[in-house]
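Please go through them with the sequence and the coordinates open beside you.

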Amino acid sequence: MSDSETIAAGYAFTGPALDLGALLWDGACLPDAQIRIPLPMLNRHGLVAGATGTGKTKTLQLIAEQLSAQGVPVFLADVKGDVSGISAPGTTNDKVAGRAAEVKQQWTATGFPAEFYALGGIGHGIPVRATITDFGPVLLSKVLQLNQTQEQSLGLIFHYADTKGLELIDLKDLRAVVTFLTSDEGKPELKNIGGLSTATAGVILRSLTAFEAQGMADFFGEPDFDTSELLRTASDGRGMVSVLELPAVQDKPQLFSTFLMWMLADLFHDLPEVGDADKPKLVFFFDEAHLLFNDASKAFLDSITQTVRLIRSKGVGVFFVTQTPKDVPGDVLAQLGNRVQHALRAFTPDDQKALKATVKTFPNSSYDLEEILTGLGTGEAVVTVLSENGAPTPVAVTRLRAPESLMGPIDAATLDAAVKSSSLYGRYAQAVDRESAYEKLTAEAPKPKEAAKAAPKPAKEDESMVQQVVGSGMFKSLARSVGTQIGREITRSLFGTARRKR
């Protein structure tokens, strides 16, 4: 058996699989040697990498289309604004027809069911918001770019708010709690929170104020997005493609990358264990993945690693999309069983180093991968995946299929119409600002005479403002949402996010 036949035999799966393309060998495309990914292995995670302009986005589109056709919901982060075309049929031309003939693809123009979302409603899409409580201190520290000490201190502030029944819904709620703790009235409370100094609380407050001044307030609030919406299928049985439109927040990379991690963490909390299923419950594509790991604390990286490691057994596959494998920490990279590596550039010494490091991450093969990876054309990639028995397949240089949906964005009017016609639009479009920590801490204090009538004994000098507010009759009757009660702390998870009951 020749080397090319050995490679082709490694992808001859018997069960359902996604078709990536055809094998390239000695410069020729072999249409009968199909390169595929077994559907049950999509929850073993993956990496799509390559230099700018090499076809990573089209690879995402190709995989997403076939997952949807197999009834698997897909989540796509659309950073550049060119993935919305997945909802519309593609257009044929000589290039598409030629590619289809080369790889033995029966190309049919097809649009796929899609929902469009936008962080905080900024841009085109159904607004996606999270409450500060749901987001949690670890993820928020990443967004605020706090150091490890400040991150731990923010965790103590969340603990304080939880135990005092001060609901943290939006940024002004958290700012109100920190402002109170750094005020003359709140400093006695601050002393009771172990390890939290006035100086550190002040740094956190300034970070929050600057963050809010940059227009970030819209991303936090209610109604908070239920991530189970991402698990839906369309009426025809195809998986829903959830497209998070991010072009309007491209200048806020820390925010959108961390928000994506919140979505994944929230799904992790809620989904039951399913083990090895016939197909994934959801495949989540994490575009511009390097932004997630830049300047991340050890606690944050540890939490990502643990989430990626464990969420596989809940039926969720995660694909990281970035330029080189070195953008992803080794502990995370070790969890990624499926690889689609597009071309790399080697113009500088750093590029050469990255190229050599990338080659070392692949199984041994008969290819000269250093030469191959710098010579791949657009829409070509080096592939290795997990076979049906979980073993890595032979490395295969592949000419990829063409997506069947529109390879480009749909027009703004069509996108807006799709958003407003969605059954979810009425549920999430309008922001809600209910009573929470900010309103409680800024409520007007009772006048001395009224206070005397209400309470025959004056409050002790060391009694804090929060104790007075929380202990007042006005607040005792308030219903608590998300399981929050006075004196009962919210249960928190790997990232410090609150566990929500659906």
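1. Which backbone oxygen lies 3.4 Å from a polar atom of the side chain of lysine 56? In this predicted model, that oxygen belongs to alanine 51, and the lysine itself is found in helix α2.

2. Lysine 56 is buried yet has no salt bridge, because a salt bridge requires a side-chain nitrogen within 4 Å of a carboxyl oxygen, and the nearest side chain of opposite charge, that of glutamate 288, is 6.5 Å away. Leaving out residues up to four places away in sequence, lysine 56 touches Val48, Ala49, Gly50, Ala51, Val321, Thr322 and His342.

3. Arginine 401, in the loop between β12 (396-400) and α16 (412-420), is likewise buried without a salt bridge, with aspartate 19 as the nearest side chain of opposite charge at 4.1 Å. Its side chain does make a polar contact, at 3.2 Å, with the side chain of glutamine 34. Beyond its neighbours within four places in sequence, arginine 401 is in contact with residues including Asp19, Gln34, Leu62 and Lys104.

4. The second largest pocket holds about 350 Å³ of space and is lined by 15 residues, with Lys58, Lys95, Arg99, Gly379 and Met407 lying nearest its centre. Helices α2 (56-69) and α3 (94-102) each supply at least two residues of that lining.

5. Helix α7 (residues 171-181) is mostly covered, with nine of its 11 residues buried; among them are the charged residues Lys172 and Asp173, together with Leu174, Val177 and Phe180.

Terms used:
Residues numbered from 1 in each chain as written. Predicted model: local features only at pLDDT ≥ 70, side-chain atom pairs only at ≥ 80, totals over all residues. Heavy atoms only, no water. Helix = DSSP H or I, 4+ residues; strand = E, 2+ residues; numbered from the N terminus. Buried < 20%, exposed > 50% of the residue type's maximum accessible area, 1.4 Å probe, protein only. Polar contact = N/O pair within 3.5 Å; in protein donor to acceptor, adjacent residues only side chain to side chain. Contact = heavy atoms within 4.5 Å. 1 Å grid on protein atoms, 1.4 Å probe; cavity = no way out; pocket = protein on both sides within 12 Å on 5 of 7 lines; lining within 4 Å. Points joined across faces, edges and corners; volume = space filled by probe spheres on them.
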